[in-house]
Amino acid sequence: MIFEYPRTKVIYGEKSLYWMSSLKGRKIVIVTTKSLMQGKLVKKVVDLVNGDLIQGPPQHTPESSVEKLKQEISTYDVVISLGGGSIIDGVKLTFPKFHIAIPTTFSGSEHTAFAGYTSSGIKISSSAKEPDIVILDPEATLETPIDLLKTSGIRSIDHAVESIYSVDSTPMISSLGTEGFSRMIGCLQDLGDVNSRIQCQIGVWLSSLTLRYVRMGISHAFGYVFGPSFGIPHGITSCISLPNAVKFNYWKIKDSIKPLERRIPLYDFLDVMLKTLGIRKRLRDYADLKDALKLTGKFTEVVNSSGNPIKITEEQAKEFIEEVY
């Protein structure tokens, strides 16, 4: 196994946003979401860097929006991606020059060397230029709805858990995943506290670095197939699939995930945690079972090319879909 360490500089903690005041004088554009365009955070960043502002790709980063973004930002010296995974991935896919990522959720795409976009209804992962600078300031999360922070945080917990039981896992990955998991399950309980948000940002950082080195498993495969098909945000796909994914693999992975368990099996712990946070979701909230089952073949294919510790049959895939429904 060969490990290549990240080249990205991470600036973290309160007031980290003010690092950008040194950038004035360069041709800068901020790419952000529709929901943030008129907010205080965007105004602060625009004022700090004296930059232009454009709206970036919507949820799941459709391929057409990536092409549009590439044209819009090509003449700039610096691009600041301000938003969640779709915005950050969009810039990673399209901008070869200096990129500053400011995540406003806990999805973790700012820490990876690939990016996802949707093509023909399926999420595709592609190699991409990682950000040059990542700024983790809790202030950047203040305008994000609490439920979005919670669900995107579960996405990072999904990274941690599936990295540990991936067929590609190593002691280093297990250590990153275990520490990231521990921080995330603590901080998500109290997002009203600024220090909890900082701990979440660090937990995301640790959990998401694992994506550089290992393939994820059946929970992520579920998100790649069913998220774009039915308009389910990535974080919510994890709220649907993760407990069932752990349970499905449990007989194979129970030794590797012992550091994560809290008196009860991990799948039960995750189920209780999601219900306590008010974000336990079912596929039935977003799709008809008949339509979902049409994707059984594609789901089987994606799982079996992933890092899941167990290969599945189409019958097992069908059972999994019915269980999460």
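## Exercises on rings and cores

The charged end of K27 sits over the ring of Y76, 5.2 Å from its centre. This is a predicted model, in which local features need pLDDT of at least 70 and side-chain atom pairs count only at pLDDT 80 or more, while totals for chains, interfaces and linings use all residues. Residues are numbered from 1 along each chain as its sequence is written, and side-chain values use heavy atoms, with hydrogens and water left out.

**Exercise 1.** Find the ring under R26 and give the distance to the ring centre.

*Solution.* Start with the criterion: NZ of Lys or CZ of Arg must be within 6 Å of the ring centre and within 35 degrees of the ring normal. Then look at R26, which lies over the face of F98 at 5.4 Å from the ring centre.

**Exercise 2.** Classify the ring pair of F222 and F299, and say where its two members lie.

*Solution.* Rings of Phe, Tyr and Trp (its six-membered ring) pair if their centres lie within 6.5 Å; planes under 30 degrees apart count as stacked, over 60 as edge-to-face and the rest as tilted. The whole structure holds 10 aromatic pairs. For F222 and F299, the centres are 6.3 Å apart and the planes stand at 85°, so the pair is edge-to-face. Helices here are DSSP runs (H or I, at least four residues), numbered from the N terminus, as are strands (E, at least two). Finally, both F222 and F299 are buried, that is, under 20% relative accessible area with a 1.4 Å probe, protein chains only.

**Exercise 3.** Do likewise for Y250 and Y267.

*Solution.* Their centres are 5.1 Å apart with 90° between the planes, an edge-to-face pair. Y250 belongs to helix α8 (residues 234-253) and Y267 to helix α9 (residues 266-277), 17 residues apart. Y250 and Y267 are both buried.

**Exercise 4.** Trace F299 through its ring cluster, the largest nonpolar core and its contacts.

*Solution.* First, ring pairs link F299 into a cluster with F222, F226, F230, F248 and F320. Second, a nonpolar core is a set of buried Ala, Val, Leu, Ile, Met, Phe, Trp, Tyr and Cys residues joined through side-chain atoms within 4.5 Å. The largest has 57 residues, and F299 is one of those touching the most other members. Helix α8 gives this core its largest share, nine residues. Third, contacts of F299 (heavy atoms within 4.5 Å) include I218, A221, V225, A317 and I321, not counting residues up to four places away in sequence.

Note on methods. Buried < 20%, exposed > 50% of the residue type's maximum accessible area, 1.4 Å probe, protein only.
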